Amino acid sequence: MQHAHILYGSVYGTARDAAEQLHAQLRSQGLSVSLEKSPDSARLSMLEGALIIVTSTTGAGDVPDNLHPFLHWLETCPDLYRRPFALAGLGDSSYFDTFCGAAEQIQAKLEDLGANALLPSLKIDTLEHADAAAPLLAWGATLPDALRLSWQAA
Ligand SMILES: Cc1cc2nc3c(=O)[nH]c(=O)nc-3n(C[C@H](O)[C@H](O)[C@H](O)COP(=O)(O)O)c2cc1C
């Protein structure tokens with residue numbers, strides 16, 4: 001069976017809770033999915049299959065600490081050519097220029113490496129959505145079909 005891995009970046013728990021719900025949803029749809037809290041480069045290099053990233057933004061457009069190992073791993077230029085990924089950012093639009101900056105940083109690195117977006121990336125404005133999990137789960141409902149299509153094409 002093909003695998004997918006959810007990596008989340010979270011400071012206060014909102015993105016973590018939403019990622020946990022997405023994990024449960026995807027598993028209930030029969031997918032083999034792991035939930036990764038802060039995988040190091042050794043673990044990241046072992047992961048096979050699609051990468052699903054759910055990250056909030058902290059500081060001024062910064063990636064949460066627990067995703068720094070992932071960010072640094074991306075900078076070592078791992079072979080992610082055509083690797084399927086999906087990316088959802090949580091942020092607050094009152095931060096204007098740095099709205100969902102963490103998700104944007106990660107997206108740019110994945111694109112540079114030639115990874116293959118399964119879906120248009122999602123930006124959740126937590127000013128608008130008190131329950132950030134709701135838009136994440138609606139977006140995630142389209143993931144199983146997108147994943148299966150990418151696995152058939154591989
Ligand atoms: C200190 C601080 C800095 C933040 N900086 C940004 C930012 O630059 N851009 C953004 O879109 N949201 C920013 N946010 C909003 C968070 O990304 C948002 O509240 C998110 O839901 C927090 O998720 P978490 O609980 O998983 O960390 C910031 C929040 C805090 C508390």
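Tutor: The largest pocket holds about 350 Å³ of space. A pocket is found on a 1 Å grid over the protein atoms alone, as an open set of points where a 1.4 Å probe fits, with protein on both sides within 12 Å along at least five of seven lines; its lining residues have an atom within 4 Å of a point. The points are joined across faces, edges and corners, and the volume is the space filled by probe spheres set on them. The lining of the largest pocket has 19 residues, and Tyr12, Ser56, Thr57, Leu90 and Gly91 are the closest to its centre.

The model is a predicted one, in which local features need pLDDT of at least 70 and side-chain atom pairs count only at pLDDT 80 or more, while totals for chains, interfaces and linings use all residues. Residues are numbered from 1 along each chain as its sequence is written, and side-chain values use heavy atoms, with hydrogens and water left out.

By class, seven residues of this lining are nonpolar, eleven are polar and one is charged. Here Ala, Val, Leu, Ile, Met, Phe, Trp, Tyr, Cys and Pro count as nonpolar, Asp, Glu, Lys and Arg as charged, and the others, Gly among them, as polar. Both α1 and β4 supply at least two residues of the lining; helices (H or I, at least four residues) and strands (E, at least two) are DSSP runs, numbered from the N terminus.

Around the ligand are 20 residues, of which Ser10, Ala15, Thr57, Gly59 and Thr98 come nearest; a residue is counted as near if one of its heavy atoms lies within 4 Å. This shell has eight nonpolar, eleven polar and one charged residues. To the shell, too, α1 (14-28) and β4 (84-91) each give at least two residues.

A ligand oxygen atom lies 2.6 Å from a polar backbone atom of Thr57. For Val11, the distance from a polar backbone atom to an oxygen atom of the ligand is 2.8 Å, and for Gly13 it is 3.2 Å. On its own the ligand has 640 Å² of accessible area, and the protein covers 84% of it; such areas come from the Shrake-Rupley method with a 1.4 Å probe.

Methods. A polar contact is a pair of N or O atoms within 3.5 Å; within protein, one must be able to donate a hydrogen and the other to accept it, and residues adjacent in sequence count only if both atoms are side-chain atoms.
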